[in-house]
Amino acid sequence: MANSDTTKGTGRLVHLRVKRQDSPDLPETRRWEEFKVPYLPQMNIISALQQVQKEPRTVDGKDVAPVVWESSCLEEVCGACTMVINGRVRQACSALVDQIAPNGEVIQVEPMTKFPLVRDLIVDRERMFQDMKKVKAWIDIDGTHELGPGPRESPEAQQERYPLSRCMTCGCCVEACPQYNDSTQFVGPFALNLVRLFNMHPSGALHKNARLETVMGEGGVQDCGKSQNCVEVCPKEIPLVDSIAQVSRDATKRLLFGWLLK
Amino acid sequence: MSEAALADQSLFAQNRRAFLLRKLHSLTGVAPVGAFMVFHLWTNAKALQGQEPFDKAVAEITHTPYLAIAEWGLILLPLLFHAGYGVKLALDAKYNVSKYKTTRNWAFTLQRVTGLLAFAFIAFHLYEYWGKKLTGKLAPEQFYPALCQNMSATVKGIPVVGLLYVLGIAASVFHFANGLWGFCFSWGVTVSRRSQQMAAAVFGVLGVAIFLLGANTAIYFATGSSVQDMIFGKKGGSDARTCVDILQQTQKPASVGPVID
């Protein structure tokens, strides 16, 4: 970056186009608003939105309510600031202005479309939590008595499992998944990945079949349409397609042989 | 966790309904529906040798024992289920290929589009031949001349029905080849990304081959010569009646719709 850009008042502006809505029950307030805010060095979409918040005035000179959004960690590990930026779902904190609009292009910012809208860029990702509950994405330890040390895990298995555990439930995979919508009860790629993760865990494996049964129910692994968008958009580079394929194989095995080998 | 209740599922447990239907949809697509399509296109290719070999093949099928049971049980009912449930699946998806333009997302979208096209095409095709055979309007021996007449009929110089058949076959074969890839994924045959890429290559080649097999027959009926005739020139010497002979015999110009003697 040229030095002149790094000082304030150079006149360089960041042009945002934000999709807004005042509340869930007011779809008639859905609108696009454009803002131009002063450029700051290392700016990301969050800091651009903070500039809007400081002086919420559209390019037409209209004073409006500040744009609201969710964010927390600002280092792409919490997933809270996930939104659709220039048509692609990602975290706003890691969406750097210098990379997505190096020449002052308009940056389009929208809320995710697969969840109920709360306001502006905030959505309610409750469904993902329900999906995790549905597939029993946990390890049963009730804590009422001493169980002793768990089974040992090999470094190889640990190496395989670690990437799967990086999921932050941000919602990118389900936003890009054509099968995750109001017409289906699909639990989504992230939940199927969690089934694989917990089924590989030495203690979690004790409930492998119960977890498999959940993904052989309504909205289970069969609802995957194989568009493989999930793995393309996952910010944590989780091998989601491998996980879905593995869970598919386990489900097939259970379908074909589960009832025979009892 | 109600471990016992969930782990002791029988094969047809109530909560597995959606899973079983989807598996049945996937299975019926490969066999019998897909397998029948390949067999059908192979049998049709006998038309390239003229009417007699074609009629012989048709007669052989017509005189298959338990034909009605085979037609309904092994072809029509599985096809109807596959098509009906497939329409539901096509309507359930929320397409986004304009935003996420990856090869697999295109394949996902095209799988549903070609499914609907194939459904419409097969319905039209069944009405034209199987339906008319069933109602006695078209005898099996009349298939060959009817096909020649129907598919070579032109509107402003374009063999519309012939073209429709080539497109219908293209949609059906893409749906079948990509469906085989999907079958291997969803049944857990190809788990690694590498095996999925290899499956895509294999089924891609297979799809092109099946398409050429099917389209060649349609081109033959529409133009009177197959692709190999066009490239290498027609081989004489066969006594069998061909489309060219049939079209020359009929005085009136070819019209749309099969001509019933």
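This is a predicted model: local features need pLDDT of at least 70, side-chain atom pairs count only at pLDDT 80 or more; totals for chains, interfaces and linings use all residues.
The buried residues of H5(B) include Arg104(B), Asn105(B), Ala107(B) and Phe108(B). Further along, Gln111(B), Arg112(B), Thr114(B), Gly115(B), Ala118(B) and Phe119(B) are buried too. Among the elements that cover these buried residues are H4 (67-92) and H7 of chain B, together with helix H9 (229-233) of chain A. Just after H5(B) comes Gly136(B), with a positive phi of about 75 degrees.

## Where the two chains meet

The contact between the chains takes 36 residues from chain A and 33 residues from chain B. Sorted by class, the chain B side has 13 nonpolar, eleven polar and nine charged residues.

## Two domains in chain A

Chain A is divided into domain 1, residues 3-123, and domain 2, residues 126-257. Their centres, taken over C-alpha atoms, are 32 Å apart. Each domain is represented in the contact between them: 13 residues come from domain 1 and 13 residues from domain 2.

On the domain 1 side, strand E4 (residues 88-91) of chain A supplies the largest share, three residues. By class, that side has five nonpolar, five polar and three charged residues.

## The sheet of chain A

Five strands of chain A form an open sheet with mixed pairing, in the order E2-E1-E5-E3-E4. Strands E2 (31-38) and E4 are at the edges with a single partner strand each, so one side of each has no neighbour in the sheet. From one strand to the next, the twist averages 35 degrees.

Within the sheet, strand E3 (residues 82-85) and strand E5 (residues 106-110) of chain A pair in the antiparallel sense over two bridges. Val84(A) stands opposite Glu110(A), which belongs to E5(A). Helix H2 (residues 45-54) of chain A packs on the sheet and touches E1 (13-20), E2, E3 and E5 of chain A. The direction of this helix makes about 95 degrees with that of E2(A).

## Backbone exceptions

Most residues other than glycine have a negative phi, and most peptide bonds are trans. A cis peptide bond joins Ala31(B) and Pro32(B), with omega of about 10 degrees. Pro32(B) is placed in helix H2 of chain B.

Glu76(A) is not a glycine, yet has a positive phi of about 55 degrees. Glu76(A) is in the loop between H2 and E3 of chain A and counts as partly exposed because it has 18 C-beta neighbours inside 10 Å. Lys156(B), also not a glycine, has a positive phi of about 55 degrees. This lysine lies in the loop between helix H6 (143-152) and H7 of chain B. With 5 other C-beta atoms within 10 Å, Lys156(B) is exposed.

Methods: Residues are numbered from 1 along each chain as its sequence is written. Chains are lettered from A and ligands numbered from 1 in the order in which they are written. Two residues are in contact if their C-beta atoms, placed from the backbone, lie within 7 Å. Ala, Val, Leu, Ile, Met, Phe, Trp, Tyr, Cys and Pro count as nonpolar, Asp, Glu, Lys and Arg as charged, and the others, Gly among them, as polar. Domain bounds come from an automatic or database domain assignment. Helices (H or I, at least four residues) and strands (E, at least two) are DSSP runs, numbered from the N terminus. A residue is buried if 20 or more other C-beta atoms lie within 10 Å of its own, exposed if 12 or fewer, and partly exposed in between; C-beta atoms are placed from the backbone. Two strands pair if DSSP finds at least two bridges between them. Axes are lines fitted to C-alpha atoms, for helices over the stretch in contact, and angles run from 0 to 180 degrees between N-to-C directions.
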